[in-house]
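This report goes through selected parts of one protein chain, from an annotated region to individual side-chain pairs. The sequence and the structure are shown here.

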Amino acid sequence: MAQMNLLQAINNALDIAMAEDDSTLCFGEDVGYFGGVFRATSGLQEKYGKARCFNTPLVEQGILGFANGLAAQGSRPIAEIQFADYIFPAFDQIVNESAKFRYRSGNEFDVGRLTIRTPYGGGIHGGLYHSQSPEAYFAHTPGLKIVVPRNPYQAKGLLLAAIRDDNPVLFFEPKRLYRAAVGEVPEEDYQLPLGKAEIVKQGSDVTLLAWGAQMEIIEKAADMAEADGISCEVIDLRSILPWDVETIANSVRKTGRFVISQEAPLTAGFASEIAATIQQECFLHLESPIARVCGLDTPYPLALEKEYQADHLKVYEAIKRSMDY
């Protein structure tokens with residue numbers, strides 16, 4: 001297997017998808033010759049031509065409207081929104097068109113071949129307009145799938161699965177890990193299942209759950225807790241929509257304690273949906289209240305980024321409170 005960072009794994013997945021299907025198109029702001037602001041699409045225009053990898057105007061609603069039209073006509077568009085913070089002008093196209101196309105026609109037509117890639121999250125000193133985690137806004141929308149990888153191996157396998165899935169998929173990429181996360185990745189084609197969580201580490205005392213870049217945080221907290229004799233079961237949710245209730249519930253029934261961590265603000269984040277569902281499924285098995293460790297209910301700060309983030313120390317403290325309850 002090759003050593004790849006997360007960007008290289010994404011680029012490799014895009015290369016494989018474009019090589020296998022001439023109807024696969026890659027487009028967005030600066031994705032052509034420039035290779036995207038993070039270089040995720042480097043070399044694709046040179047290899048596949050300007051008709052299949054090209055720049056768009058700086059108009060997110062137009063990017064997604066164009067993508068919906070292509071998908072409805074049978075192409076396989078992979079649209080990039082340069083930062084997840086700027087996906088909101090395209091909100092109407094995604095929520096009212098992409099998600100509902102199949103339903104409104106009684107399955108006569110759809111945009112299921114659509115994939116939307118976008119980098120999300122903080123940790124890069126990006127301030128309030130380049131650090132947000134907006135997954136919860138879209139998780140309220142039936143008709144979409146939402147996927148968030150944690151490392152290069154996961155990114156390649158999940159992205160290929162997303163591109164080939166018969167539903168529109170929002171693929172959130174943790175930009176803090178683009179070059180920081182490096183690991184072994186098969187150079188050949190492979191897929192990982194959508195809608196299925198992964199138990200990263202078995203444990204017996206408390207269940208820890210996160211997704212994307214936050215996985216690194218909870219794994220670090222788990223190591224601190226292990227030093228105190230606390231056995232942590234660590235789970236990567238991977239898919240926000242649909243999410244794997246069964247795997248999480250089985251774990252919480254075993255451990256009796258549950259800590260969820262997300263980058264996004266606390267109020268109405270997806271951690272709240274998970275907490276409500278697991279409380280319903282596992283109420284009689286819980287030994288302590290479900291804990292959420294999240295970003296603060298403020299705009300994402302620049303100068304106080306470290307204080308804002310749901311870091312490993314905050315997760316560790318939540319573990320200790322859960323155990324001491």
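## Annotated region

In an unreviewed UniProt entry, residues 4-180 carry the annotation "domain: Transketolase-like pyrimidine-binding". The model examined here is predicted.

## Helix α1

Helix α1 takes in residues 6-20, 15 residues altogether. From the first C-alpha to the last, α1 reaches 22 Å, close to the 21 Å expected at 1.5 Å a residue. At the start of α1, the backbone nitrogen of L7 has a side-chain oxygen of N5 within 3.1 Å.

How many of the 15 residues of α1 are buried? The count is 12, so the helix is mostly covered, buried meaning under 20% relative accessible area. The buried set consists of L6, L7, A9, I10, N11, N12, A13, L14, D15, I16, A17 and M18.

## Strand β13 and its neighbours

Strand β13 spans residues 258-265 and is mostly covered, with 7 of its 8 residues buried. Which strands pair with β13? One is β10 (residues 206-210), which pairs with β13 in the parallel sense over 3 bridges. Within that pairing, T207 has F258 of β13 as its bridge partner. Another is β14 (residues 291-295), which runs parallel to β13 and is joined to it by 4 bridges. Here S261 stands opposite V293 of β14. Together with helix α10 (residues 270-282), β13 and β14 make a right-handed β-α-β unit.

P265 belongs to β13 and is partly exposed, with a relative accessible area of 30%. The C-alpha atom of P265 is 9.5 Å from that of P134, although the two residues are 131 residues apart along the chain. As a general point about regular strands, side chains alternate between the two faces of the sheet.

## Salt bridges

The whole structure contains 21 salt bridges. One of them is between D236 and R150, with the closest N and O atoms 2.7 Å apart. This pair links distant parts of the chain: D236 sits in strand β11 (residues 232-236), while R150 is in the loop between β6 (145-147) and α7 (152-164), 86 residues apart. Both D236 and R150 are buried.

A salt bridge also forms between R164 and D189, where the closest N and O atoms are 2.5 Å apart. R164 lies in helix α7 and D189 in the loop between β8 (182-185) and β9 (198-201), so this pair ties together parts that are 25 residues apart in sequence. R164 is partly exposed at 23% relative accessible area, and D189 is partly exposed at 38%.

## A further pair and a network

R176 and E216 form a salt bridge whose closest N and O atoms are 2.9 Å apart. Where are the two residues of this pair? R176 is in the loop between β7 (169-174) and β8, and E216 is in helix α8 (residues 214-227), 40 residues apart, and the pair thus links distant parts of the chain. R176 has a relative accessible area of 24% and is partly exposed; E216, with 43%, is partly exposed as well. Salt bridges that share partners join R150, E198, D236 and R238 into one network.

D244 is found in the loop between β12 (239-241) and α9 (245-255). Is D244 buried or exposed? Its relative accessibility is 7%, and because buried means under 20%, D244 counts as buried. The side chain of D244 makes a polar contact of 3.5 Å with the side chain of K196. A polar atom of the D244 side chain also lies 3.0 Å from the backbone nitrogen of A197.

Notes: Residues are numbered from 1 along each chain as its sequence is written. This is a predicted model: local features need pLDDT of at least 70, side-chain atom pairs count only at pLDDT 80 or more; totals for chains, interfaces and linings use all residues. Side-chain values use heavy atoms; hydrogens and water are left out. The expected span of a helix is 1.5 Å times one less than its number of residues. Buried means under 20% relative accessible area, exposed over 50%, partly exposed in between (1.4 Å probe, protein chains only). A polar contact is a pair of N or O atoms within 3.5 Å; within protein, one must be able to donate a hydrogen and the other to accept it, and residues adjacent in sequence count only if both atoms are side-chain atoms. Two strands pair if DSSP finds at least two bridges between them. A crossover is right-handed if, with the strands pointing away from the viewer, the path from the first strand over the helix to the second runs clockwise. UniProt positions are given in the numbering used here, feature names are shortened, and annotations may be inferred rather than shown by experiment. A salt bridge is a side-chain nitrogen of Lys or Arg within 4 Å of a carboxyl oxygen of Asp or Glu.
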